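Thank you all for coming. Please have a look at the chain on the screen while I talk you through some of its features, one region at a time.

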Amino acid sequence: TDLVTVTSAGNVGVGTSSIDYTAAGRTVVHVEGSAGALLAMEDTGAKSYFFQSGSDLLLENDTASGSMIFGTNNSTERMRIDSAGRVTMPYQPGFSLHYNNYNNENGSQFLTNWWIGSNPGAFNNGNHFNGTTGTFVCPIAGVYYFHFCGHTYLSNTNWYAITFNGGNAIASYTNRGATWNNFSIGGYLSCQANDQIKIWQNANSGPTLDTNYWGSFSGYLVG
């Protein structure tokens with residue numbers, strides 16, 4: 001039996017002459033073994049491999065400190081699994097911003113004028129959040145998590161909501177009385193591309209929402 005078979009179409013069989021998954025315009029390398037099929041790669045002692053064992057496929061970087069890196073668009077890194085199993089995705093859509101408008105206006109309104117500023121840890125990956133309009137536009141379909149918290153002063157009942165395309169999705173009342181109150185709302189939303197997420201303030205009279213790190217709005221794509 002031939003150990004390596006090369007067909008006239010350029011397909012290669014290693015350990016088999018019966019090459020599967022062929023199609024017009026497709027080049028196939030088919031590796032087969034009775035105890036599994038392994039494709040190994042090595043660079044000056046650092047080893048990685050693909051291993052088909054029964055119904056399982058194992059992809060492994062077999063070095064003590066190496067990472068597995070996934071990229072697109074001319075080798076731009078999109079995801080990394082390090083040697084400890086930690087996963088990082090530097091371009092995952094998400095934001096965390098702070099309120100920059102000392103709000104003492106009567107009535108109900110969408111909150112605008114959010115900013116990153118110099119607050120530690122603030123970010124806007126992909127620039128999908130417009131701080132001027134207070135709108136996050138979902139770049140792709142998926143499940144997202146959003147959270148809003150604030151420090152507000154009011155004399156009447158008031159509530160805030162995370163809105164989904166203009167409708168209230170997650171809401172919370174704040175306590176009435178002439179005093180400062182802390183509040184926090186958050187949850188998961190299933191979104192489509194171009195869905196819009198904003199913060200709505202429903203006010204019977206003029207509440208004051210404190211600025212800077214006292215009020216923050218954040219969200220990110222879960223998957």
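Let me begin with the largest pocket, which has a volume of about 350 Å³. A pocket here is an open set of points on a 1 Å grid over the protein atoms alone, where a 1.4 Å probe fits and where protein lies on both sides within 12 Å along at least five of seven lines, while a residue counts as lining if it has an atom within 4 Å of a point. The volume is the space filled by probe spheres set on the points, with grid points joined across faces, edges and corners.

Before I go on, please keep in mind that this is a predicted model, in which local features need pLDDT of at least 70 and side-chain atom pairs count only at pLDDT 80 or more, whereas totals for chains, interfaces and linings use all residues. Residues are numbered from 1 along each chain as its sequence is written, and side-chain values use heavy atoms, with hydrogens and water left out.

Which residues line the largest pocket? Among them are D20, Y21, H30, F50 and Q52, and at least two lining residues come from each of strand 3 (29-31), strand 4 (37-43) and strand 5 (46-53).

Most residues other than glycine have a negative phi. T44 is exposed, with a relative accessible area of 80%, where exposed means over 50%, buried means under 20% and partly exposed is in between, using a 1.4 Å probe and protein chains only. N127 also has a positive phi, of about 55 degrees, without being a glycine; N127 lies in the loop between strand 13 (123-125) and strand 14, and counts as exposed at 63% relative accessibility.

Let me turn now to the aromatic rings. A pair of aromatic rings is described by the distance of the centres and the angle of the planes. Rings of Phe, Tyr and Trp (its six-membered ring) pair if their centres lie within 6.5 Å, and planes under 30 degrees apart count as stacked, over 60 as edge-to-face and the rest as tilted. How many aromatic pairs does a search of the whole structure find? The search gives 15. One of them joins F129 and F217, whose ring centres are 5.7 Å apart with planes at 75 degrees, so this pair is edge-to-face. F129 belongs to strand 14 (residues 129-130) and F217 to strand 22 (residues 212-221), so the pair ties together parts that are 88 residues apart in sequence. F129 and F217 are both buried. Another edge-to-face pair is made by F136 and Y144, at 5.9 Å centre to centre and with 65 degrees between the planes. F136 is buried at a relative accessible area of 0%, and Y144 is likewise buried at 0%.

R78 lies over the face of Y91, 4.9 Å from the ring centre, and the charged end of K198 sits over the ring of F110, at 4.3 Å from its centre.

Is K198 buried or exposed? With a relative accessible area of 17%, K198 is buried, and its place is in strand 20 (residues 196-203). Leaving aside residues up to four places away in sequence, K198 touches F110, T133, G134, T135, A161, I162 and T163, where a contact means heavy atoms within 4.5 Å. G166 is found in the loop between strand 17 (158-164) and strand 18 (167-174), and G166 is exposed, with a relative accessible area of 54%.

To finish, a word on the chain as a whole. Buried residues make up 31% of its 223 residues, and among contacts with a separation of 6 or more, residues 24 or more positions apart account for 54%.

Key. Helices (H or I, at least four residues) and strands (E, at least two) are DSSP runs, numbered from the N terminus. A charge sits over a ring if NZ of Lys or CZ of Arg is within 6 Å of the ring centre and within 35 degrees of the ring normal.
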